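Please keep the structure open as you read.

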Amino acid sequence: MRWGAWIRGLATALAFAVILCPILVVVLAAFSPTDYFVFPPPSLSLRWFAEFFRLDNMRNAFLLSLELALSSACIAATLGTFAALHLARRKGWVAAVLQALFLAPLVFPTIILGLALLLLYKSVGMPPLPGLILAHCVVGMPYCFRTVLGSVQSLDPALEEAGQSLGAGPLRTLFLVTLPLVWPGVLSGWLFAFIVSFGELNTALFLTGPGVTTLPIEIFSYLQFQGSQLVIAAASTLQIALIILMVAGIERVVGLGRIIRSR
Amino acid sequence: MRRTLWAAALLGPPLAVSLVLFVGPLVYLFHVSLHEASQSELYGPGPTLANYAAILADPFYLTIIKRTLGTAAWILGLALLVGYPVAYFVALLPPRRRALVTLALLFPLMVSNVVRAYGWVAILGRRGVINTSLRDLGVIDAPLDLLFNQEAVVVGLLTILLPYMVISIANTLAALDRRYEEAAQALGAGPLRTFLHVTLPLSTPGVASGLLLVFLLTLSAYVTITLLGGPRSKLLVSLIFDSVVSFQWPLAAALAFTLLAIALALTGLILLVLRPQRVQGRG
């Protein structure tokens with residue numbers, strides 16, 4: 001089995017190289033002092049980050065993405081928690097169907113969802129920003145549902161029963177017993193919904209329009225129509241930096257293990 | 001009575017959102033796909049199967065569907081070939097280090113696909129890392145065309161989706177009872193036989209879910225395919241986008257359901273061949 005270990009080690013090194021290299025190259029390119037990316041860069045500069053914040057369309061796309069991710073993650077976390085609280089202790093085929101329905105957007109080709117929502121929005125005259133927020137809710141809800149469901153199911157039902165037998169109604173039991181115990185699950189679900197929305201492409205592709213553009217779509221249209229200017233490397237690096245910040249922040253609060261389990 | 005009211009209050013909002021914004025729009029999209037095109041409206045008279053008939057009769061669409069399946073087959077094969085040994089490596093790590101490596105695999109999945117595709121453009125492009133390095137070394141005079149072909153799409157999507165495959169298989173392998181392997185070896189099976197007859201069959205649930213995730217995400221990866229494949233390596237999803245841009249709504253809807261039918265058919269095929277439900281107590 002010696003060479004088995006060699007194959008595993010070699011494959012792992014290769015896999016991490018090809019997975020991480022593109023991201024490292026982008027970050028390195030963002031700190032270039034030159035007009036075009038030269039490898040290796042002669043020195044480092046913040047020139048392209050300054051350029052990023054100088055450009056109105058980039059700054060606006062960044063702010064819109066932030067606003068969109070925050071609002072859609074909050075709605076998705078609330079709805080996902082509701083669904084999980086309802087289904088956590090239920091069995092039978094109705095519960096199974098509902099669970100499959102709430103998890104379905106995880107594996108459903110989102111580009112089709114984007115097109116379907118575009119047609120629906122067109123026929124009812126939905127304005128772009130609420131439309132985007134709702135679309136990202138649908139995409140983010142399964143993540144919240146899954147993490148909270150796991151948290152509630154690992155909870156001892158005796159705790160809730162104790163609350164109820166001591167005279168607390170369902171609402172008081174929820175706020176005084178259940179939520180304080182499952183909130184790490186809610187928080188990591190919220191984090192995933194935020195991150196998914198912040199980088200989402202497939203529904204945003206159809207639902208953004210002039211004046212209402214998310215950062216990933218802005219990066220995409222720059223790459224398609226204006227060539228690879230290094231300001232998009234700066235935009236990408238800011239995207240990565242924000243994700244690292246969020247994950248690190250939530251990790252401090254709920255712990256590393258929970259973030260990994262809640263994938 | 002109060003309990004039913006409470007249950008309805010919890011289920012109502014998420015169910016309404018799922019029905020109105022997920023199931024409803026898909027039913028509407030299917031409805032649109034069964035109508036003729038119209039100049040002024042979203043769709044014209046119907047019902048008709050003309051859109052589907054047009055797709056299946058057109059050699060151009062069939063070529064693209066074949067190319068989509070071919071590209072997906074390459075990505076799935078390579079992802080399994082590279083991902084399985086990596087998953088095995090990860091599964092054998094002690095828990096604390098396994099958590100860190102899993103985080104290192106999860107982190108790239110959190111970065112937007114457009115950023116990761118841009119990374120490959122910066123590496124493979126005419127002014128990219130590979131071309132400039134080779135020129136500086138004096139190996140080439142003119143830049144190589146590494147971008148805008150099917151190979152670039154395969155490499156890009158493979159590396160973007162590989163973590164899904166690794167994590168899926170590693171989860172199953174880590175949950176696997178080591179005593180099965182020990183029993184096989186105690187009964188005289190060598191390492192290779194133990195792997196082929198014990199470990200590999202027991203890991204089919206992870207393999208199946210990894211293949212399904214990678215396949216379904218490959219089908220709708222429009223942005224990656226466009227940035228790395230360019231106009232000459234279009235896949236089915238690019239055609240959906242093109243018909244939306246040219247306002248051919250019923251055609252776009254029919255193409256979307258063609259994509260969905262392919263997704264369902266291959267999901268069924270993968271589950272039928274691997275039969276992950278054979279393995280009891282999946283992790």
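## Helices and the chain contact

Helix α5 of chain B, residues 113–124, has twelve residues and reaches 16 Å from its first C-alpha to its last, close to the 16 Å expected at 1.5 Å a residue (the expected span being 1.5 Å times one less than the number of residues). Helices here are DSSP runs of H or I with at least four residues, numbered from the N terminus.

This is a predicted model, in which local features need pLDDT of at least 70, side-chain atom pairs count only at pLDDT 80 or more, and totals for chains, interfaces and linings use all residues. Residues are numbered from 1 along each chain as its sequence is written, while chains are lettered from A and ligands numbered from 1 in the order in which they are written.

Twelve of the twelve residues of α5(B) are buried, so this helix is largely enclosed by the rest of the structure. Buried means that 20 or more other C-beta atoms, placed from the backbone, lie within 10 Å of the residue's own. Among them are R116(B) and W120(B).

In chain A, the axes (lines fitted to C-alpha atoms over the stretch in contact, with angles from 0 to 180 degrees between N-to-C directions) of α5 (residues 110–124) and α6 (residues 128–153) come within 11 Å and cross at roughly 145°. These residues make the contact, with C-beta atoms within 7 Å:

| Helix | Contact residues |
|---|---|
| α5(A) | T110(A), L113(A), L117(A), Y121(A) |
| α6(A) | G131(A), A135(A), V138(A), V139(A) |

Between the chains, the contact takes 66 residues from chain B and 69 residues from chain A. On the chain B side, the largest share, 15 residues, comes from helix α1 (residues 2–33) of chain B.

Technical notes:
Helix = DSSP H or I, 4+ residues; strand = E, 2+ residues; numbered from the N terminus. Contact = placed C-beta atoms within 7 Å.
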